Amino acid sequence: MLETAVVILPLIGAAIAGLFGRAIGGRGAQVVTCALLGVSALFAMVVFKQVAIDGQTRVTELFTWIDSGAFEFSWAIKLDTLSAVMLLVVTVVSWLIHIYSIGYMSHDKSVPRFFSYLSLFTFFMLVLVTADNFVQLFFGWEGVGLASYLLIGFWYHKPSANAAAIKAFLVNRVGDIGFALGVFGTFALFGAVGFEQVFAAVPGQAEATFTFLGIEGHALTIICILLFIGAMGKSAQIVLHTWLPDAMEGPTPVSALIHAATMVTAGVFLLVRLSPMFEYAPVALELVTYVGAATAFFAATVGLVQNDIKRVIAYSTISQLGYMFFAIGVSAYGAAIFHLMTHAFFKALLFLGAGSVIHAMSDEQDMRKMGGIWRRVPLTYGVMWIGSLALAGVPPFAGFFSKDMILEAAYAAQSSHGALAFWLGIAAAFMTAFYSWRLLFMVFHGRPRATPEVMSRVHESPKVMTLPLIGLAIGAVFAGYLGFEAFVGEGRVEFWGAAILVLEGNDAIEAAHQVPLWVKLLPLGMGAGGIALAWIMYVRMPAIPALLATRLRPLYLFLLNKWYFDELYDWAFVRPAHYLGRGLWKSGDGAVIDGVGPDGVAAVALVLARRASRLQTGYLYHYAFAMMIGVAGLITWYIVSHL
Amino acid sequence: MIPLDLITALPELLLACLAMALLMFGVFRGDGATPMVLLLSVVTLVVLIGLIALGPRGEGVAFDGLFISDFYGDFMKVLVLVGSATAMAMSLRYFEAEGVVRFEYPILMLFATLGMMMMISANDLIALYLGLELQSLSLYVIAAIRRDSLRSTEAGLKYFVLGALSSGMLLYGASLIYGFAGTTNFETLADVFAELTAAGHGPSLGVIVGLVFLLSGLAFKISAVPFHMWTPDVYEGAPTPIAAFFATAPKIAAIALLARIMMGPFIEFVAQWQQIVVVISIASMVLGAFAAIYQTNIKRLMAYSSIGHVGFALVGLAAGTEEGLRGLIVYMSIYVIMNLGTWGCILCMRQKGVMVEGIEDLKGLSKNHPMMALALGIFMFSMAGIPPLAGFFGKLYVFLAAIEAGLYALAVIGVLSSVVGAFYYLRIVKLMYFDEPVEAFDTPIGREMTVVLTGTSLLVLLFFVVPGPVIRGAAAAAAALFAG
């Protein structure tokens, strides 16, 4: 009952705000959605205590969805530690961001619509994390994609927002093809789509093979890779990452909730949920490691040179998601979820802090036009420090516990891909610290670079925005310390229970506790080095960045243009598709199908009609002749056909 | 046996006597009595409807097998009477406005109606011809009733000459049949043919050729292609209420007669005549659909529309089954209602006292006369066969029957031509609702028009709510013919 309320309340809120937004007004929509979500978050805490701490895992079946032969499953709420953690994170973060949005969106014209979408997103996310079968998960998966599309394009009068929304949708489609194929493959192999049935059958099918695209391969590996492609799309991993930076076109609370804290981590959640399958597909895990490590490194390099405050944080998000994936790749699922949780707090904090800055700077997002405002916005400044410290992995902030655990697990995996991930992760950690403090210094310190009018209006945000910041800051400070023992420490086996499966000999977290001291200290040193370098370059000797940009111009441009991924895709996919579509439209559809089909038929009909009308001459003898010919014709035809 | 015969043919006898009495009344009172004659004529027809529906039922044959009375005939006669009575009721205002009031035309319509009832009840080739000619001769005259109008007289003359030609064909066919079968009575013919079939012989060529001639003669009456050419000219030339009459009652009677012959004595040879009917049906549907597209005169358009509708009705006949006959009857019932309503609207097309007939004159009707536009819109959608209006069900039943009889090509062509036909029906709706208004029509349209338009449009609109009576009635009528 409780868990049903957790899931349904946001939907009710979304429906009320969306359908009756006009009637209840902006204020009414805010109150309704925030109140319902607050209740939902409260219940989620109770559920978390019951499930994760008291161990009352359960599956609540709501009603049968499809029952067609072996294809049989229900709408259900599966509660184990994994989904309980996700429920807690999603509802609490979402609730805080709802409250923040009251202030942030106060000047917008369509407040009810915004809150309706935000609550709708929360509902889909909860459906996703509580699914007990692949199809419901896919429903939630597509639902959050829809909400993401709607919210990125929330300011639909901006062409860039529309383009970003469409891009996000299309890139996710690519991943979703993989996901859908993976689900089909699962059903083909196991004859079921319920997690319990599938997971129980996995050991029996560990050696099964599939023929896919003419190549015979290990069935579980193929399925897992296909599902991973879906996760790559949703979680913006390298190759399918291009939509996430553009998604910053949406309002900042959306970036914080959907594109940092929750939706983009759905891929991580998926893989952890499917750990009983991935554990039997070591090749797929290896691929996950490579992709995750490459993403962590790639996104961090791009983050170094971006000038848009939200884009810096967006690339940071991609990079951190990369960490989570390579943690999964070395079977450190607990560490991945741990980082997911801490990241949700400090990254939402950073985004909302950035939103507060943007708010203060009269909607300016370019860091080159900021600077020197830290005295005017002390609270924002403070929480940005906390967020950055957590992100850089400085003890005792949250990121320290989770990120170090991931790096240690990668090292401890004792495999070549683990080692690669470790070193790329270390490099990324250095860059993370660097760009985080670059951001802090550029935004808050130095000479003010904004116009005097803008500077004169710089002000701290209202309480309704700062209170959620404080709430998230508390999470960013304490979540790591509090969660460490249960998520990845000694209590982890008991904590996770049956939610995560790690095969004998794969337990990287166990090994991570025995790594040499230098492995534990190296990330710290890297963080400190990155902060120091940022201080030198942006406070001490501000001439260096410009000098470097000129000296290493090719490299600088390469990074600034995000490794030219967008240009490459434009050249390889967008343009050919455009030409193909245009060609099919003009010559295929227009000339052939319309020409022969509708237009052609219509033209022929008109010609026939004119001829038929012309038959009617008005002369009596023509008419009589037609009758005689008619009767003669009928008789002739009859006789000929019956001879 | 004579008194019993009189009971059997009571409605016809009553109509004949009353028509002659009204003729005398008119002759002695002059043209000034026309409204009274007309009123009495309508009352007569209504009384006959009541008599047939409720009166003493003398089922069976009469007059030595020349005349038959059965439920099939009764059903079709009611349709004919409804058509005649409504057309007559709608005509008075027209003739008064045109200043050509003549008491003869209601009388002639009564005689034509009598001829139609005789046709429906004909049980012999001779009786068939008598009924047909009584009807035709009356119609020739009323087509040309405006003898000072060039177009009206031309229409009457064309109709007469071509009608004479078709009568010749029909008679020639009848004589061939008599020559090869040795009888003119339908029941005896049926026995003869059944014996032939039982003996393993097919029909002789002479009988079939005779049947084709007979069929051609009747096809003229129902204006099926290629015997349709008189229709647009006559509809356009004849006075509008007369055209409305032409489009409804005589079509029913001729179709009823055709079905009685084909499904009666000649049912044994369904394989032989089916292909002929299929050809006529296809040709009518296609021509009705295409030729109407270019028409600018609404009366000509309705002429082609009626050609198309006859084609659809013949689909049911072509099936050659009881279901097909039921479909045919349902189709004709709905056809009568739709047509009466549409012609009612056309009769209201009057600007500053002058009748107009151009389709363009309907532009923007919805702004000037919303209720009339709504009614005409309903009829157009129904004729186009758009669910849930009545016209859709008419088509549905005939196509179902055709598919059950295995005539897939016929059904497909029928559906396609109904798509083409939808174009010109919907164009009228477009003109009425989406174009800028032209001059408004005169008001008021008159109480009898209001009643007719309201009644018919409600029937068409709400048919799908209670289709039972018509469907069951048609099924019973079809069963009556097949059993007999």
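## A buried histidine in chain B

His228(B) is buried, because its relative accessible area is 5% and the cut-off for buried is under 20%. This is a predicted model. His228(B) sits in a loop of chain B, between α10 (205-221) and α11 (230-237).

Which residues does His228(B) touch, leaving aside those up to four places away in sequence? They are Gln616(A), Ser223(B), Leu287(B) and Ile307(B). One of these, Gln616(A), belongs to chain A. The C-alpha atoms of His228(B) and Ser306(B) are separated by 10.0 Å. Along the chain, these two residues are 78 residues apart.

## Helix α13 of chain B

Helix α13 of chain B covers residues 270-291. Its 22 residues should span 32 Å, at 1.5 Å a residue. Is α13(B) mostly covered or mostly uncovered? It is mostly covered, with 16 of its 22 residues buried.

## Chain A as a whole

Chain A has 643 residues, and 56% of them count as buried. Its secondary structure comes to 28 helices and 4 strands. Take the contacts in chain A with a separation of 6 or more: 79% of them join residues 24 or more positions apart.

## Two helices that pack in chain A

In chain A, helix α6 (residues 159-190) packs with helix α8 (residues 219-234). Their axes are 7 Å apart, at an angle of about 150°. That angle makes α6(A) roughly antiparallel to α8(A), because angles over 145 degrees count that way. The crossing of the two helices is left-handed.

Both helices supply residues to the contact. From α6(A) they include Gly175(A), Gly178(A), Phe179(A), Gly182(A) and Leu189(A). From α8(A) they include Leu220(A), Ile223(A), Leu227(A), Gly230(A) and Lys234(A). By class, the contact has 12 nonpolar, 8 polar and 1 charged residues.

An α-helix has 3.6 residues a turn, so residues three or four places apart point the same way.

## A fully listed helix: α10 of chain A

How many of the 10 residues of α10(A) are buried? The count is 10 of 10, for a helix that runs over residues 252-261. Among the buried residues are Thr252(A), Pro253(A), Leu257(A), Ile258(A) and His259(A).

What do the buried residues of α10(A) pack against? Their partners in chain A are α3 (81-104), α4 (111-129), α5 (134-152), α9 (243-246), α14 (309-329) and α15 (333-360).

Conventions:
Residues are numbered from 1 along each chain as its sequence is written. Chains are lettered from A and ligands numbered from 1 in the order in which they are written. This is a predicted model: local features need pLDDT of at least 70, side-chain atom pairs count only at pLDDT 80 or more; totals for chains, interfaces and linings use all residues. Side-chain values use heavy atoms; hydrogens and water are left out. The expected span of a helix is 1.5 Å times one less than its number of residues. Buried means under 20% relative accessible area, exposed over 50%, partly exposed in between (1.4 Å probe, protein chains only). Axes are lines fitted to C-alpha atoms, for helices over the stretch in contact, and angles run from 0 to 180 degrees between N-to-C directions. Angles under 35 degrees count as roughly parallel, over 145 as roughly antiparallel, 65 to 115 as roughly perpendicular and the rest as oblique. A crossing is left-handed if the near helix is turned anticlockwise from the far one by less than a right angle, and right-handed if clockwise. Contact means heavy atoms within 4.5 Å. Ala, Val, Leu, Ile, Met, Phe, Trp, Tyr, Cys and Pro count as nonpolar, Asp, Glu, Lys and Arg as charged, and the others, Gly among them, as polar.
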